Amino acid sequence: MENEHLIDLIHVSKDFDGVKVLDDISLYIRKKEFVTLLGPSGCGKTTTLRIIGGFETPSEGQLLFEGRDIVSLPPYKRRVNTVFQKYALFPHLNVHDNIAFGLKIKKTPKAEIDRRVEQMLELVGLKGYGKRRVEALSGGQQQRVAIARSLVNEPEVLLLDEPLGALDLKLRKEMQLELKSMQQRLGITFLYVTHDQEEALTMSDTIVVMRDGKILQIGDPKHIYDEPANAFVADFIGESNILSGTMIRDELVAFAGSEFPCVDFGFGSNAPVDVVVRPEDITLVGEDVGQLTGTIRSVIFKGVHYEMMIDTGSYVFKVHSTTMQPQGSRVGLSIVPFNIHIMQPMNAPRNEKEAQDSAV
Amino acid sequence: MQFNSSMPWWSYLLMGAGLLAFIALVAQSIWRHRGVHRSLFASPYTLWMIVFTVLPVVLIAYYAFTDSAGGFTLDNFRAFWDSNHLMREQLRSAAGDEVAATVVRGSVNIDTLVYSLWMAFLCTAICLLLGYPAALFMADRQMKLGATIVVLFIIPMWMNFLLRTIAWMSLLEDTGLINQLLEAMGLGKRQLLYNQGAVLLGMIYNFLPFMVFPIYTSLSKLDPRLSEAAADLGCNSWRTLYKVIMPLSIPGVISGITMVFMPSVTTFFIPRVLGGGHTQMFGDLIEAKFLTEGNWNVGSALSLVMMLLILISLSILRKADPNGEGGGIA
């Protein structure tokens with residue numbers, strides 16, 4: 001049962017007045033899974049969520065729920081509930097009545113409504129807030145009411161559309177952990193939409209990276225961070241140095257004017273590639289022993305580490321290190337083969353100079 | 001007593017005092033802020049208010065509580081609930097108590113007021129029944145027609161109110177368009193003009209936009225996500241309408257009710273043109289007291305009674321919309 005697909009999107013596309021917002025999306029969600037749709041604004045992640053919620057109809061493709069096509073099913077007949085971006089709490093109802101709304105519509109007996117609402121208030125840490133006006137609550141509290149209002153209906157899937165977007169950093173981190181533990185305790189499938197890569201990495205079982213209405217990569221957080229499918233994913237998930245390089249032969253790549261041993265193979269010889277190196281994977285060594293040498297242009301203290309911009313002449317590398325080197329000093333850079341990520345170039349060359357290079 | 005024919009002598013004093021107070025206010029503002037402060041820009045409006053709103057109300061109150069000689073009296077109000085009172089008093093002094101006692105007690109004024117309130121109530125209720133669905137339709141983002149309907153509602157308002165009402169006269173009269181149509185269809189002519197129905201029609205026609213627009217405004221301000229949330233939680237469209245959309249549009253409804261009910265109670269032109277004098281409303285009565293009978297004192301008293309009624313109904317409505325979210329005058 002664990003691996004059973006709960007929701008399948010099969011070749012789903014969506015046009016808005018001729019503009020393609022979703023372009024042939026295929027994706028499945030398993031029971032009890034925490035899936036995050038991650039991408040910059042306008043990538044189609046919210047549209048995907050709204051299609052599953054029933055607020056948009058796909059222009060093409062199928063949406064299956066437990067194997068049955070539900071495209072024509074109106075939202076009120078779907079066994080999913082949505083936590084809206086700005087909560088969309090009912091301003092004319094108090095906290096209790098907001099949470100009880102779905103149960104009242106289903107004609108649940110009053111005693112049971114009261115019992116389940118109380119239970120929910122306790123779960124989201126708002127015991128005793130039932131009689132308050134929703135407008136008198138803080139953003140974080142409104143957020144909890146919105147979650148309680150959905151969860152009380154015991155949906156198969158909870159859809160969350162950037163639910164933490166309006167909260168400050170500290171509260172957001174708290175709520176991330178709380179949401180994750182809630183999901184594990186209740187055993188409900190979560191489909192979560194965010195543009196915050198850290199949020200996605202913290203909470204998800206599976207991350208779906210999207211851009212321009214397409215899915216770029218699906219995988220668990222560690223896989224996506226360590227093995228980004230292309231330069232965009234690498235750039236979007238965490239910080240990266242992204243360079244154009246040439247695969248000289250298997251396990252040897254040239255970039256930034258030097259040759260580096262790496263672990264990748266199968267790209268052919270003298271093939272143009274994208275090279276991604278995480279800032280924390282570059283080691284600072286003595287000038288004479290580095291694979292590259294450069295001058296430190298700037299040093300910023302970031303708390304856990306220093307962020308240094310190091311100019312090697314052909315590229316300015318971003319380097320994270322716990323030891324500081326003074327600005328202006330010459331250093332050597334060293335990268336172990338395992339930390340050099342080679343990928344197929346995603347787009348046309350990024351600037352004219354590179355265009356000439358690859359034309360040669 | 002040469003002032004009495006138009007305005008009492010002290011009204012000139014009052015006007016002078018008002019002007020002086022205004023000048024003092026402006027001077028104080030300049031002095032306190034040592035230059036032109038933003039509040040100074042309100043002074044033309046303040047002057048306007050003093051001359052054309054405050055003074056007339058003061059004068060109406062004065063006339064309501066005085067007799068034709070300028071002495072204090074409550075007889076004008078007595079004339080409201082006993083309209084033959086003055087005639088009876090005149091008879092008493094001319095022919096004695098016995099003759100005076102034959103004059104009937106009772107009030108045509110109260111009957112007219114009740115009738116006016118009833119007509120205004122009918123007009124408001126029908127406007128609400130017609131206006132709410134219209135506003136709902138106009139505010140629906142998925143209806144491309146909505147914007148067109150808004151324009152269709154606005155266009156007649158560009159035309160003068162009197163012209164619009166007179167236009168109805170030519171539509172409804174015996175040889176009018178509608179009767180011609182009825183005849184052509186073999187249904188025969190009908191008396192459409194000069195009855196209660198015609199007056200009601202004219203009122204609804206003229207006041208309907210005042211119901212539609214406040215409701216439209218409050219509906220289009222609603223977050224569309226609220227309807228989606230209702231659907232998400234199990235509401236079909238009807239339930240969404242009466243569980244979420246209707247409760248949240250109450251401010252607009254209250255504003256609409258106020259804006260239709262008030263002019264409906266006080267209207268005097270519509271019943272005169274379309275009712276042909278067969279149906280008198282309270283506005284007609286007041287107008288007649290002032291312009292036909294020349295009895296400013298009783299006219300003022302009747303006006304005050306109506307103002308009081310409107311104030312009471314406004315304060316009741318305000319209770320239902322404490323934040324004034326409807327954006328109307330309530």
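Domain bounds here come from an automatic or database domain assignment. On that basis chain A splits into domain 1 (5-226) and domain 2 (239-359), and the C-alpha centres of domain 1 of chain A and domain 2 of chain A sit 39 Å apart. Keep in mind that this is a predicted model, where local features need pLDDT of at least 70, side-chain atom pairs count only at pLDDT 80 or more, and totals for chains, interfaces and linings use all residues. Residues are numbered from 1 along each chain as its sequence is written, while chains are lettered from A and ligands numbered from 1 in the order in which they are written.

**Chain A as a whole**

- The C-alpha trace of chain A spans about 80 × 45 × 40 Å along its principal axes.
- Chain A has nine helices and 20 strands; helices (H or I, at least four residues) and strands (E, at least two) are DSSP runs, numbered from the N terminus.
- Of the 360 residues in chain A, 39% are buried. A residue is buried if 20 or more other C-beta atoms lie within 10 Å of its own, exposed if 12 or fewer, and partly exposed in between, with C-beta atoms placed from the backbone.
- Take the contacts in chain A with a separation of 6 or more: 64% of them come from residues 24 or more positions apart. Two residues are in contact if their C-beta atoms, placed from the backbone, lie within 7 Å.

**Strands and sheets**

- β1 (residues 5-16) and β2 (residues 19-30) of chain A pair antiparallel over eight bridges; strands count as paired if DSSP finds at least two bridges between them.
- A:L9 stands opposite A:L27 in β2(A).
- β1(A) and β2(A) make a hairpin with two residues between them, and A:D17 in the turn has a positive phi of about 50°.
- Elsewhere in chain A, five strands form an open antiparallel sheet in the order β13-β12-β11-β14-β20. Its edge strands, each pairing on one side only, are β13 (258-261) and β20 (341-343) of chain A.
- Within that order, β14 (residues 271-277) of chain A pairs with β20(A) over three bridges, and A:V275 stands opposite A:I342.

**A closer look at β19 of chain A**

- β15 (residues 283-285) of chain A pairs antiparallel with β19(A) over three bridges, with A:V285 partnered by A:G332.
- β16 (residues 292-301) of chain A is joined to β19(A) by four bridges, also antiparallel, and here A:T295 stands opposite A:R330.

**Nonpolar cores**

- A nonpolar core is a set of buried Ala, Val, Leu, Ile, Met, Phe, Trp, Tyr and Cys residues joined through C-beta atoms within 7 Å.
- The largest core has 98 residues, and A:A148, A:L159, A:L191, A:V209 and A:V253 touch the most other members.
- Beyond its neighbours within four places in sequence, A:V209 has contacts that include A:L38, A:L216 and A:F236.
- Apart from that core lies another of 51 residues, including B:L201 and B:F282.
- B:F282 is also one of the buried residues of α15 (residues 282-292) of chain B.

**Where the chains meet**

- 18 residues of chain A are in contact with 15 residues of chain B.
- On the chain A side, α2(A) gives the largest share, three residues.
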